[in-house]
Amino acid sequence: MTESGADLSDSRTRKAYHRRILSWAWYDWANHGYITTTASTFFPPYFIAIAAGSFMAAGASASDEAAKAVARVTASNVFALMVSFALLAAAVLAPIAGAYADITGMRKRLLIIATIAASLVSSLMFVLVTGMWQLGLVLYFVTQVLMNIALGFSSSLLPHVATQEDLNRVSSLGYAMGYVGGGLLLALNTALYLLSDRIGIGSALAVRIAFLSVGVWWLVFTIPLILNVNEPPATPLAHGSRGSAVLDSFIRLANTLRDAARYREMFKMLIAFWFYMEGIGAIILLATSYGAALGLDTAVLIGTLLMTQFVAFPYALLYGRIPIPAHRWRSVFISMIIWTGVTFPLMGLYVNLNEGVSIPLTSGMILGNQALGVLFSIVVGRRLFLGLARKLDTKRAVILGLVIYTIIPVWGFFLKSQAEFFMIGWLVGTVQGGTQALSRSIYASLTPRAKSGEFFGLYGLSEKFAGILGPFLYGIVGTLTHNPRASILSVSVFFIVGIYILSRVNEEKGAEVAAAEEAQIEALKAAD
């Protein structure tokens, strides 16, 4: 019996199961330190700061604000293009590495190797100072490739760690812990950044210390997974090895792609995921770069992303429970999501029309809105959305989040103030973790466990390609128009296309194909 098929009626087995789930979720806590502190918050504006001087127009003076603005936008576009190239490399390597992990039975070991390498390279960013933008791009490129391959290995362990009926909850737990862990490290580094002048280290050194801390954090919180998650068994080629695990990996991947019609629903899910992750990836990776290009205050950009992490924690857990038919609070959760998705743009319109709204006042408006939303959802929404709750399965819950996501780039186009940016950050937090967690859960239900590395390598390929076109389009539109607002608006098309394709995915049919494939593999193992 596999790990995920354990009999949980025994108390000792149940404790071991929960310990394994928590240990697996700790890895999301570990790697999100890089995602929040380095990739999303500190590195983009820091890169623009150390690179902008190199992109100043010839003959421009250091006091020429117009030339500085153009240089910042140019640096932002260069960074966006490098994001695309890094994710392209990861997209090509991830499915090959996943198939190799399945064949050799090294999913966990390769995850640990990739994690150690990525954490060490990310800490090397400590050496970056003004003018070293080329080295910064190299270090960022390597770390992004390694991190994304590691995330594929981590996700491939999900169907081995959790039972089939527990996939939604466990996947959401991982994302929720990721947001808390990433948010906590970001909070510590943000505090150091804000206090840097007072304690005499300067803001630049504070950012470099943040880069250094990420690698240590990443390694330390990978230890629970190392100790408590077992290595899933190998799944060699059905008709024998060709003499090399690397060659076998290419053969298996080629066979899977050749049999795409057999996995029709899985591939539709991959394509849908690809499209809407284009938008999500662009927003996550380029938010601070976009804000910096508009001239927003760095402290506000960092503070907004920090706030987003802690907002995402409860909403990710909430999302994980929406598809559970027996959960009596489903309609309340749905009401809260819809309330926030509708009322936040209205508050943003008010702020847009009334200049001078401060961040403290905005925070008060948000907290008041959420308190009123909770009251509305319990008193009115619980019954109002009861019918919708009965219809909202995992796929439809993702679509609900994507509809709200579609609002964000449109709002970003009209963005005028730091207060609006803060509101957008909160709205992102309400859907970011939930949509990605439930997407991973849907995909896991369409995947044979014995081929989880390969199939999640393909999932990673879709996810990484999703991070290519979004930033690439952002950079190209920005280069052509010299208008970052046009760049952010272009992202909305990915959500619209993704929603349509996802609506065409037949989860039940895809799960039946995965179960049949799993049974066939088990039969072949038994015969051997």
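1. Of the 528 residues of the protein chain, 57% count as buried (under 20% relative accessible area, with a 1.4 Å probe and protein chains only). The model is predicted: local features need pLDDT of at least 70, side-chain atom pairs count only at pLDDT 80 or more, and totals for chains, interfaces and linings use all residues. Residues are numbered from 1 along each chain as its sequence is written, and side-chain values use heavy atoms, without hydrogens and water.

2. The accessible surface of the protein chain is about 20,700 Å² (Shrake-Rupley method, 1.4 Å probe). Carbon and sulfur atoms account for 68% of that surface.

3. The chain has 21 helices and zero strands (DSSP runs, H or I of at least four residues for helices and E of at least two for strands, numbered from the N terminus). Take contacts between residues at least 6 apart in sequence: 84% join residues at least 24 apart. Contact means heavy atoms within 4.5 Å.

4. Helix α1 (residues 11–51) packs against helix α6 (residues 167–194). The angle is about 40° and the axes lie 6 Å apart (lines fitted to C-alpha atoms over the stretch in contact, with angles from 0 to 180 degrees between N-to-C directions).

5. The α1 contact with α6 involves 18 nonpolar, 14 polar and two charged residues. Asp, Glu, Lys and Arg count as charged; Ala, Val, Leu, Ile, Met, Phe, Trp, Tyr, Cys and Pro as nonpolar; the others, Gly among them, as polar.

6. T190 sits in helix α6. T190 counts as buried because its relative accessibility is 6%. Beyond its neighbours within four places in sequence, T190 contacts F42, I302 and L306.

Notes
Buried means under 20% relative accessible area, exposed over 50%, partly exposed in between (1.4 Å probe, protein chains only).
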